[in-house]
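Here is a short briefing to read alongside the structure. Have a look at the model below, and then we can walk through a few places in it together.

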Amino acid sequence: MSKTSQYLSKESDANGIIAWTDEDNQIWHELITRQLSVVKGKACDEYLAGLEKLQLPTDRIPQLEEVNKVLRATTGWECAEVPALISFDKFFLLLANKKFPVATFIRSREEFDYLQEPDIFHEIFGHCAMLTHPAFAEFTHTYGKLGLAASKQDRVFLARLYWFTIEFGLLNTKDGLRIYGGGILSSPGETLYALESAIPERKVFDAVDMLRTPYRIDIMQPVYFMLDHIDDLFDVAHLDMMALVERAKALGLHEPRFAPKQKQAS
């Protein structure tokens with residue numbers, strides 16, 4: 001989050017309005033119409049119910065206040081306009097105050113299918129529908145408070161908790177596997193891969209196991225963790241997570257299930 005971004009976020013005016021270009025709105029339209037068709041029968045019911053509440057426009061990028069009205073009315077959350085990349089301190093502080101950071105830029109057409117930075121499509125389409133659900137909202141709030149108080153070393157472990165739940169979490173429902181993680185829900189390729197590919201391992205949720213599992217941000221995930229029900233996040237939020245972090249530290253990390261990232265030549 002602290003590295004330099006290639007993208008420049010747009011700032012809102014005095015009325016909280018961001019002036020998106022026609023091209024920005026066209027990219028949003030193409031992204032959301034494509035992904036709405038992909039997530040049918042694959043996203044969890046709670047996510048789809050959240051989308052119904054949000055009523056996101058398909059012809060233009062929504063203004064943050066349009067989303068905020070729904071979030072405030074359902075769980076007391078709201079979106080916070082941020083630059084493309086923010087510090088971990090800022091990130092945890094926002095979550096601890098029920099503010100979800102949204103970088104106010106949208107990907108270029110050259111990075112239409114994948115970009116390593118979270119843009120407004122990822123944040124709004126991927127995450128905000130789930131933030132209308134009380135269990136997901138409480139878990140995210142608790143996570144922010146834990147991270148704010150944690151040491152730099154402990155934050156590295158907590159990052160894995162966020163990654164394997166909020167970003168890449170699955171539900172093992174009576175109707176089959178469903179997705180609640182925003183990193184999957186905003187990606188057409190990973191939506192299909194997470195549910196249908198025989199390659200990744202899908203593991204029963206175990207907090208210590210999760211805290212010990214390395215990940216890379218720029219590949220399809222080799223491991224996913226499954227909850228049985230989204231309300232299980234209420235229970236996870238009330239675990240003594242920092243005690244579990246200490247246990248994970250003592251046990252050490254699992255061997256990575258992926259090759260090291262190749263450094264680019266300078």
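At 70% relative accessibility, A250 counts as exposed, because the cut-off for that label is over 50%. Please keep in mind that this is a predicted model.

**A250 and its helix**
- A250 sits in helix α12, which covers residues 241-251.
- Between A250 and L171 there are 29 Å in space, C-alpha to C-alpha, and the two are 79 residues apart in sequence.

**T104 in its loop**
- T104 belongs to the loop that runs between β2 (99-103) and α5 (120-128).
- A polar atom of the T104 side chain lies 2.7 Å from the backbone oxygen of K10.
- Setting aside residues up to four places away in sequence, T104 touches S9, K10, I18, W20, L64, E81 and V82.

- In soluble globular proteins, nonpolar side chains tend to be buried together.
- Which residues is Y47 in contact with, leaving aside its neighbours within four places in sequence? Y47 meets F125, G126, A129, M130 and L185.

How values were computed. Residues are numbered from 1 along each chain as its sequence is written. This is a predicted model: local features need pLDDT of at least 70, side-chain atom pairs count only at pLDDT 80 or more; totals for chains, interfaces and linings use all residues. Side-chain values use heavy atoms; hydrogens and water are left out. Contact means heavy atoms within 4.5 Å. Helices (H or I, at least four residues) and strands (E, at least two) are DSSP runs, numbered from the N terminus. A polar contact is a pair of N or O atoms within 3.5 Å; within protein, one must be able to donate a hydrogen and the other to accept it, and residues adjacent in sequence count only if both atoms are side-chain atoms. Buried means under 20% relative accessible area, exposed over 50%, partly exposed in between (1.4 Å probe, protein chains only).
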